[in-house]
Amino acid sequence: MEELSLEMTGIVKEFPGVRALDGAEFKLEHGEVHALLGINGAGKSTLIKVLSGVYRADAGQITLNGRQIEISSPQAAIDAGIATVYQDPQMIPSFTGYENIFLGAESESTGLFPRIRRKKLLARARGLLEKFPVDIDLTRPVGELQAVEKESIAILRALSRENMSVLVLDEPTSILTRKEIGILFEQIRMLKESGISIIYITHRLDEVFQIADRLTVFRDGRNVATCNTSAEGIDHARIAELMLGRELSHVYPPKGQPPDDDVLSVKDLALAGRFSETSFTAKRGWILGVFGLVGSGIDDLCKTLFGVLHRTAGVTEINGRKVALASPADAIANGLFLVPGDRRAEGQISDESVAFNVILSNMARVAGLGFLIRRREERLAAWSMVEELDIKTPDVAAAVSLLSGGNQQKVVIGKGLYTDGEVYVFQEPTVGVDVGAKAGIYEMIRRLSADKGVIVVGSDCEEIYGLCDHAMVMYQGRVVMDKPASEVRLEQMLLCGLTGKARE
Amino acid sequence: MVQRRKDISSELITLGVFCALQIGIMRVFTVLEPRFMSVDNLLGLLNLVAPMALVGLGLTFVAVTGYADMSFHFVSCFGGMTMSHMIAQGLSPLPAILIGGGAGAAFGVINGVMIGKFKLPDMVATLGLGAIAFGMAYLYSGGTQITDHFNDSGIKLLYTARVASIPLPVVLTAIAYAVGFIVLNRSTLGRRFYAIGSNATAARFSGVRVERYVIAAFVICAVVACLTNIIKMSALAKGEIEAGLMWLMPAYSAVFVGVSVFKKPTVMGTFLGALLIGTVQKGFLLLGKSTYVMELVMGVLLIVSIVVSRIDFKEIIRRRRFRAELAAGGGVS
């Protein structure tokens with residue numbers, strides 16, 4: 001048997017409450033492009049972080065070119081010859097291309113003031129271009145370059161390491177245009193011919209068949225299949241099936257009653273350049289699910305609806321009344337609340353207490369004279385929310401930053417419930433929430449939908465499917481599926497989100 | 001299920017340490033100069049602390065929202081000269097003071113719009129606007145002092161009047177502190193200021209109209225600085241262009257000494273900071289040290305307090321207690 005380029009066996013990585021990698025295996029042959037696939041939380045990005053030294057595996061072995069290696073830090077990974085290019089490569093915009101390529105490795109001499117010989121660096125960079133001929137001006141500041149050119153610089157930076165043998169490309173096409181993707185694929189083929197093995201992570205199934213030789217599908221922290229992309233019976237539908245597995249891994253509450261009256265009605269909502277005219281309704285007794293991958297426009301859709309971003313078109317009606325939502329304050333005043341996707345950045349005031357957070361969006365409820373906070377009422381209000389949502393906290397005066405992810409999320413939800421709104425939008429409601437707390441959040445969302453309009457938006461296909469009564473799928477800024485959930489299978493929904501095409 | 005709030009105790013510890021420090025400093029000065037504890041000197045101390053505490057209170061609002069204001073001392077020059085000019089024009093004191101304060105408010109609005117709406121970097125933008133304000137302060141007199149009508153308009157009463165034998169500036173400062181405390185600690189407005197300072201994005205997503213509050217903070221800071229400087233001018237009995245420049249250091253020192261005690265900008269903390277700085281200044285004045293020694297000591301105090309504020313004693317205690325509760329099986333996951 002031929003020696004493998006890279007072999008990872010029995011990799012285990014645990015986070016509090018989650019086993020992200022559970023005895024994962026991965027085999028990479030010399031000079032191949034190997035696609036790594038899996039839904040969110042399947043463990044593929046954890047695997048890459050273990051490989052690139054960002055995380056340390058709890059158990060397992062990594063063998064590179066027949067030699068067992070220990071990857072204890074990002075530097076160790078680079079020294080071993082493993083380079084990773086992330087979706088949005090981090091560079092210094094005011095530095096030129098060649099300066100960014102050799103950033104941190106400008107000089108061989110080590111002294112108090114190692115000299116930087118620009119001419120020599122540029123010559124070395126040109127040397128790299130001979131090995132890897134891309135059309136790019138290395139003397140221009142990186143800030144002026146196109147996305148694909150930056151990607152090339154990042155690849156050149158990886159190539160500048162003499163011993164580089166494994167290149168990881170983490171969703172390299174997510175920010176590129178169609179034409180740029182073509183350029184990138186040419187470059188990948190060149191790299192492959194020069195003998196470099198490439199791990200290619202993507203959500204876009206079309207690309208897998210265009211560029212990859214083999215593919216590995218991850219699910220629940222393990223690899224469930226590895227095969228040639230040309231193998232018989234391997235197509236989009238089969239891959240989607242592999243990604244999802246047979247049964248749902250969580251228990252979802254029963255589906256809702258036949259829909260009641262409309263609470264929220266949105267017509268032709270659009271944000272130019274991000275997503276096109278989108279219409280939907282939220283009804284009492286019913287959950288609308290919106291599924292889309294990162295970059296599909298779901299994030300912009302939520303923020304535009306909530307008034308964070310300013311819509312370029314569209315009308316929103318709540319309970320039949322037309323409302324102008326120019327800011328989150330307007331939205332909340334009109335009964336629309338968004339539980340945002342990025343909890344730490346957008347959801348919670350981490351340094352402040354549970355009580356502070358719970359009442360923040362509707363302080364009038366505990367205020368006397370319109371502005372003085374009655375602290376006794378505040379505590380009572382916070383305690384009743386803690387009990388209603390079963391938030392595990394020693395006290396309502398405890399800082400939110402001290403709680404676990406699931407309880408933090410419940411605090412953010414509690415803040416929403418305390419506004420006593422009409423429509424609730426949950427964006428990625430269980431990101432960073434441990435398995436135990438997930439079921440509680442799902443049940444709470446279902447209960448809430450009995451007399452409020454509820455929309456669940458996210459990139460976790462299984463979760464959206466498990467929760468919703470009506471399914472919508474977005475792909476590259478437009479709605480590609482809009483059907484009652486009972487008429488859709490989970491595989492169809494995922495496939496639709498991955499390829500943009502609804503298939504039977 | 002309901003437990004008593006336990007947080008207070010660790011705050012009390014820091015407060016205790018601070019009071020011990022304050023008393024210690026006063027003891028040292030008393031040993032060096034027995035007159036330090038005389039009624040006259042203590043009343044003088046109160047007079048010295050009051051304006052520093054007042055200008056620091058205004059800056060506290062900006063600090064709570066997470067920004068810095070490098071313009072309020074310059075703006076106070078403009079506000080003070082505006083007031084002086086009005087007095088010189090024969091206007092009676094109250095409208096003159098209001099116009100001076102209003103001039104400050106205008107600059108506060110510009111600061112707030114630049115930083116809250118257009119997201120300009122706070123340090124540089126406020127410094128720029130401050131330079132403009134200071135330049136404009138020269139417009140009234142071309143750089144000379146304004147003294148007309150200072151003796152006959154009654155503006156000096158702002159400094160000399162007493163309420164129940166307490167100097168008016170001290171009374172005004174006390175009132176300002178009472179209002180400031182209620183607003184920042186007990187009102188919905190204060191919650192929003194703090195929410196913005198802690199996480200402006202999350203505050204916005206929670207329905208706080210962030211821009212308005214940022215503007216309000218800069219307006220409060222500028223207006224309070226102008227009023228402080230107006231009191232100072234009524235004490236000097238003249239409009240003196242550079243009188244306002246001295247407020248920058250004591251205001252920042254007061255706020256950051258406060259942060260070193262409470263780990264965030266607070267009304268209480270700023271007052272304690274002003275008290276500490278005032279005590280040190282008064283001591284040096286009494287010992288006959290020149291002003292540059294005072295400047296030096298103030299600089300050291302500011303840096304030390306920033307260093308101390310970075311050490312998070314409270315958080316350390318809180319985390320330890322939280323873990324202890326976990327270990328005791330408090331049902332926390």
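## Briefing on chain B and its interface with chain A

In chain B, residues 24 or more positions apart account for 76% of the contacts that have a separation of 6 or more, a contact being heavy atoms within 4.5 Å. This is a predicted model, in which local features need pLDDT of at least 70 and side-chain atom pairs count only at pLDDT 80 or more, while totals for chains, interfaces and linings use all residues. Residues are numbered from 1 along each chain as its sequence is written, chains are lettered from A and ligands numbered from 1 in the order in which they are written, and side-chain values use heavy atoms, with hydrogens and water left out.

**Fold and dimensions of chain B**

- Chain B has 14 helices and two strands, where helices (H or I, at least four residues) and strands (E, at least two) are DSSP runs numbered from the N terminus.
- Chain B is as compact as a globular protein of its length, because its radius of gyration of 21 Å is close to the 20 Å that the globule rule gives for 333 residues; the radius is taken over C-alpha atoms, and the rule is 2.2 Å times the number of residues to the power 0.38.
- Taken along the principal axes, the box filled by the C-alpha atoms of chain B is roughly 75 × 55 × 35 Å.

**Burial, surface and charge**

- Of the 333 residues in chain B, 50% are buried, meaning under 20% relative accessible area, with exposed over 50% and partly exposed in between (1.4 Å probe, protein chains only).
- Carbon and sulfur atoms hold 69% of the accessible surface of chain B, which comes to about 15,000 Å² (Shrake-Rupley method with a 1.4 Å probe; for residues, only the protein chains shown count as cover).
- The 28 positive and 15 negative charges of chain B have mean positions 10 Å apart, counting Lys and Arg as positive and Asp and Glu as negative, without His and the chain ends, and placing each charge at NZ of Lys, CZ of Arg, CG of Asp or CD of Glu.

**Interface with chain A**

- On the chain B side, 34 residues are in contact with 43 residues of chain A.
- Between them, the two chains bury about 3,300 Å², with 58% of it on carbon and sulfur atoms; this is the accessible area (1.4 Å probe) lost on putting the two parts together, summed over both.
- B:Arg186, B:Arg191 and B:Phe205 supply 24% of the area that chain B buries against chain A, more than any other three residues.

**A residue with positive phi**

- B:Ala237, although not a glycine, has a positive phi of about 65°, and lies in the loop between α10 (210-236) and α11 (248-262) of chain B.
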